[in-house]
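Subject: Structure for you to look at

Dear colleague,

I am handing over the structure below, and I would be glad if you could read it alongside the notes that come after it.

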Amino acid sequence: MALDFTRWPIDLEHRYRDRGHWRGRPMTDIVRLSAAARPEAVAIHCGERRLSYAELDRRSERLALALYRLGLRRHDTALVQLPNVAEFYVVFFALLKIGVVPVNALFSHRRLELDHYARIVGPRLLIAARQHPLFATDEALATLRRDHPTLRHVLLLGDGGARDLAAACANNAADPAAIDVVGDDAGRLPTDAGPTAAGEVAFFQLSGGSTGTPKLIPRTHDDYYYSVRASAEICALDGDTRFLCALPASHNFPLSSPGALGVFHAGGTVVMAPGPEPQACLDLIQRHRVTMVALVPSALRLWLATARTRAAATQTLRLVQVGGAMLSETLARRVGAEWGCGLQQVFGMAEGLVSYTRLDDEEAVVVATQGTPISPDDEIRVVDDEGTDVPPGMPGHLLTRGPYTIRGYYRSPEHNAVAFDADGFYCSGDIVVRREDGRLQVVGRGKDQINRGGEKIAAEEIERLLIRHHAVREVALVAVPDAAMGEKSCAVIVPADGAVGAVTLRRYLREQGVADYKLPDRFEIADALPLTAIGKVDKRALRDRLAATPSDRISS
Ligand code: AMP
Ligand code: DBH
């Protein structure tokens, strides 16, 4: 049975179809069409390996068949956690080809996050990597299987044995450079196998969140494919585009804005980088003559510093996209000045809405705004605390709905009641200004979230864990400004009695299985937390206080 999710109202569905946004096609067309049009073109460079479009299509087909033979069927779900390797896309398309709906966890996620996702979707399949600390031995795997009895099949990258993912994706076992080997060339998917319907859930995106538990974002073929196609056009991608994927491959930005999927749609090449480390990335840019990259501001800062001594490395770059967190105008100006290439600001969210500066915008617009939304059918409201629209030029809460913005998180009725208004607008939690010329500027944030160099931390998630520690009576997690990361996190602790140390609390959080980036960068002890007039923790007062006291009392 198709997965339940909050659909768009029928009149809007009609409108999105009539306008050609929703085309009733599965996202597997992305690879099929490019494989038909340019089979020999390089789709992916990954280390010393390279995959043509024909191979990407064939390998994903093979893996789909292998999974089908294992018993996986349309509307089953899968939990996937892979590093930045070509297999990520092989797996993505393979699952889509048989209608298995994946949750693509970030590689930095640990037991707690994976557990949450598994609890929400009840996956039948796990695809993960031995190189992840959680899957280095079979112990965590056994726990996961015990806790989630739906989980029947596991494929591990780097396993070497029968369950090895690389083997399952392979093409030519004799070639060590191939990503290869299940099924045979004659193997064809049976006619009853195929993607989920275009209006149904294709996969789940992850929310950075602002609540105690992570939320899943159901994305349909229709809506996601539209955002990818339109983004590829806005960014003028073509067969000559060579895109460096340096951010986590499953993140919405490098996946869809226009990201790897946009590049596959246009028939260009995706170059995989293990991460955003500047030296290694500059090497890859030079070697593969990369033309486009997507970065968060904190990475851009490091790249600019490193590239100073490597002018040759950035010569082929035409477009540097920056998004995920606020970019200062000073940093923005340096891209054109030092690298002589275009900058594009991207303000997006896994829930949907993506706003871009355009390639022909003048510099003053590109360095100071986050541009305009993808679609003429994106509806934007900027409202005050009472929900009344504010005039252009005034800051307010950003509300949005449109042809690729979700109408509800998956299986989260309570949170949906506050995250969406009565008209179905998503309350993004961002404070924005809409200028007279229609351009958006992100000026702040209303949601209780820390944006640590583009990685989002829901304050409540960490507070809930910390409050369970016996030495903690009260806790508040707040953002503190940081020159390198934009923001870091600080936990302000009111101890239950006596002392409690940062080392103890950090170790405790690690034991809970939470991702490293969510561990507070700093701990502060306080006698009490400041309260607002209505008795909530006054985080603004805390932030101001912390910003004024750069050092902490109990070590960092
Ligand atoms: P998520 O909902 O986890 O996908 O994170 C999306 C959020 O990241 C947005 O709601 C913003 O708070 C933030 N964000 C993304 N891009 C930008 C940007 N260019 N400038 C400022 N904040 C951004
Ligand atoms: O931060 C984000 O989530 C984001 C940033 C840029 C995003 O989802 C996107 C572009 O699509």
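This is a predicted model: local features need pLDDT of at least 70, side-chain atom pairs count only at pLDDT 80 or more; totals for chains, interfaces and linings use all residues.

Residues are numbered from 1 along each chain as its sequence is written, chains are lettered from A and ligands numbered from 1 in the order in which they are written, and side-chain values use heavy atoms, with hydrogens and water left out.

Around ligand 1 there are 18 residues, the closest being Gly-208, Val-346, Glu-351, Asp-430 and Lys-456 (a residue is near a molecule if one of its heavy atoms lies within 4 Å of it). By class, this shell has 7 nonpolar, 7 polar and 4 charged residues (Ala, Val, Leu, Ile, Met, Phe, Trp, Tyr, Cys and Pro count as nonpolar, Asp, Glu, Lys and Arg as charged, and the others, Gly among them, as polar). Strand β13, residues 342–349, gives the most to the shell around ligand 1, with 4 residues (strands are DSSP runs of E with at least two residues, helices runs of H or I with at least four, numbered from the N terminus). A nitrogen atom of ligand 1 lies 3.0 Å from a backbone N or O atom of Gly-324, and a polar side-chain atom of Lys-456 lies 3.3 Å from an oxygen atom of ligand 1. Taken alone, ligand 1 exposes 490 Å², of which the protein buries 95% (areas come from the Shrake-Rupley method with a 1.4 Å probe).

The shell around ligand 2 includes Gly-324, Val-346 and Lys-456, and β13 gives the most to this shell, with 3 residues. An oxygen atom of ligand 2 is 3.0 Å from an N or O atom in the side chain of Asn-252, and the protein covers 95% of the 290 Å² of accessible area that ligand 2 has on its own.

Turning to the helix, α8 (residues 221–234) has 14 residues and reaches 20 Å from its first C-alpha to its last, close to the 20 Å expected at 1.5 Å a residue (1.5 Å times one less than the number of residues). Of the 14 residues of α8, 13 are buried (under 20% relative accessible area, with a 1.4 Å probe and protein chains only).

Finally, His-75 is found in the loop between α3 (53–70) and β3 (77–80), and His-75 counts as buried because its relative accessibility is 19%.

With best wishes

Methods: A polar contact is a pair of N or O atoms within 3.5 Å; within protein, one must be able to donate a hydrogen and the other to accept it, and residues adjacent in sequence count only if both atoms are side-chain atoms. Buried means under 20% relative accessible area, exposed over 50%, partly exposed in between (1.4 Å probe, protein chains only).
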